Amino acid sequence: MRVLQTLGESICDITKQSQNDRQGPDLSDGGVFLFFSFDLAESTVFKAEHPSLWASVFTCFYSQVLEGLGVEDYKSPDDGDDDSACVRKLWKLIGDEILIYVRILHPGQLYTQITSVSKALSSMMERIADKVEEALVEGTCPVRHCRDVREVILSVLGIKATAWLAQCHDGEAANVPNIIYYPTTATGEKRIDFLGKEIDEGFRIAEYAVKNKMILSPLLAWMIWKDAQGDKDRENIVKANFRITAFARMKGVWRGRKVPVVMFHQPFDEFGHVLEYDETDLETYANVREAGLGNFLKDSRFEIGSIDDILRNVHKDTEAEKLYRNLKESPDMEVISEHIEKKQEFHVACMIFDREGRILVHKDPERGYEFGCLKRILGAGARDWQGACVEGYREKYQIEIDVPQCPVPVATYYYGKSNAFGLLVLADYKGRTEDVKGRPDWEFYTPQVLMEGEEKAVDQFRENIRRAMVLRKGQDEE
């Protein structure tokens, strides 16, 4: 379940073919593009230490990234259809750097792209190491002397990822910040290139990329934040998963003013568990180092929403708002909106029990006691109940739960406000009790306290607890 991805996935379903048509041989009409840069961290060190191994690793890096991200013309035919791909295309290869671009038709596609790419990258180095080791065993890799090839690769290398946004115009256009240029080969083959101020800014930001993380340009981060406003669920997800890890001066960018370096991580509450012991020495983590991890996570200056004020301070808010409106009100959205209206929203809620038999309850300021709720569009997102519930509660609430592949339904319900059908299922709490303590919106209660209390709650709240207790008793007897 990826609440924030629903709109982006729905848009992708109906715009893939149109993007293929537009991005076919010609993009001279221009548009808004999302750019990704993928670079191998510590590649120079690896080349020096492993002169007979690096070539196999690098070529595998190219093939795995292009195939794993579903880049057009490189995607494996066995991978099936990826709703979030939205026609990723190879821009070019520069040394050990891969550049990819995606044409964006609506702001809702941005978060979908970021999460989809991040998920694919999370296990990319392991796949690369496995492929190289497999080739070594099969005798197709020239290396013979190196033991523990997989461990050697993973102990040195990592993937640095950067994403940025730019509006690009026809190459013949005058007085524009970015253009699309078509260099033609001697044989008449037409290629594509992107040139301009914001393209250069993206490469400047990429200099701050770090191993196994993704950083974003402030404009891209602001656009994702902006599109979430007005939807409480989406606002919470964005706030939890993006953070400003540094303010850095970059040559030729913002007239010398410090630029926010935004990092994507799911979720930042667990950031301390993934940081390596000396990573905070890097300039990209300057805010983490100076504030301390605890204060960094609490300080509102480092929240993604603060970029709104920052853009205003550097007088870039007007152009950002204009770009957002243009994307939001794109003529293509008339067809998209009509299609989305026909999609059926579906809700799933989890009644979460801990080992002591207590129930984790969410306190909504308007509805009162509830169990939390995930919203999705039928046919989009996770393809099984377990993934939908586990990933959804982790992303939306930063709560770790366990749900069977086919969870036991407690009740069905109907949410008239959005004409949505819902399902309540049983789940087990897998996090630490301390993670809930101190959070004003979640708390553990015994079933007896909840059933006997008179606090405001959603419809059938206490009746559903009684049903759940009967179901759990039946499971225990089995």
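Strand 11 and strand 12 (residues 368-370) pair in the antiparallel sense over 3 bridges. Helices (H or I, at least four residues) and strands (E, at least two) are DSSP runs, numbered from the N terminus, and two strands pair if DSSP finds at least two bridges between them. The model is predicted: local features need pLDDT of at least 70 and side-chain atom pairs count only at pLDDT 80 or more, whereas totals for chains, interfaces and linings use all residues. Residues are numbered from 1 along each chain as its sequence is written, and side-chain values use heavy atoms, with hydrogens and water left out.

**Strand 11 and its partners**

A hairpin of 3 residues joins strand 11 to strand 12, and histidine 362 has glutamate 370 in strand 12 as its bridge partner. Strand 11 also pairs with strand 10 and with strand 17, as set out below.

| Partner of strand 11 | Sense | Bridges |
|---|---|---|
| Strand 10 (residues 345-353) | antiparallel | 2 bridges |
| Strand 12 (residues 368-370) | antiparallel | 3 bridges |
| Strand 17 (residues 442-445) | antiparallel | 4 bridges |

Isoleucine 359 of strand 11 stands opposite phenylalanine 353, and isoleucine 359 also stands opposite tyrosine 445 in strand 17. The hairpin of strand 10 and strand 11 has 5 residues between the strands, and in it glycine 357 takes a positive phi near 85°. Strand 11 (residues 359-364) is mostly covered, with 5 of its 6 residues buried. Here buried means under 20% relative accessible area, exposed over 50%, and partly exposed in between (1.4 Å probe, protein chains only).

Glycine 230 follows helix 8 and has a positive phi, near 95°.

Valine 45 is found in helix 2 (residues 43-49). Valine 45 is partly exposed, at a relative accessible area of 35%. Its C-alpha atom is separated by 9.0 Å from that of leucine 157, although valine 45 and leucine 157 are 112 residues apart along the chain.

**The second largest pocket**

The second largest pocket holds about 920 Å³ of space. Of the 29 residues that line this pocket, the closest to its centre are Ser118, Lys119, Leu121, Ser122 and His265. Elements that give two or more residues to the lining include helix 4 (108-121), strand 7 (213-216) and helix 15 (385-397). Helix 4 gives the most, with 4 residues. By class, the lining has 11 nonpolar, 7 polar and 11 charged residues.

A pocket is an open set of points on a 1 Å grid over the protein atoms alone, where a 1.4 Å probe fits, with protein on both sides within 12 Å along at least five of seven lines; lining residues have an atom within 4 Å of a point. Ala, Val, Leu, Ile, Met, Phe, Trp, Tyr, Cys and Pro count as nonpolar, Asp, Glu, Lys and Arg as charged, and the others, Gly among them, as polar.

**Confidence**

The protein averages a pLDDT (the predictor's confidence in each residue, from 0 to 100) of 85, and 84% of the residues score at least 70. Confidence is lowest in helix 1 (residues 6-22), at a mean of 48, and highest in strand 9 (residues 259-264), at 98. Over residues 17-25 the pLDDT stays under 50. Where pLDDT is low, the predicted coordinates should not be read in detail.

Key
Points joined across faces, edges and corners; volume = space filled by probe spheres on them. Contact = heavy atoms within 4.5 Å.
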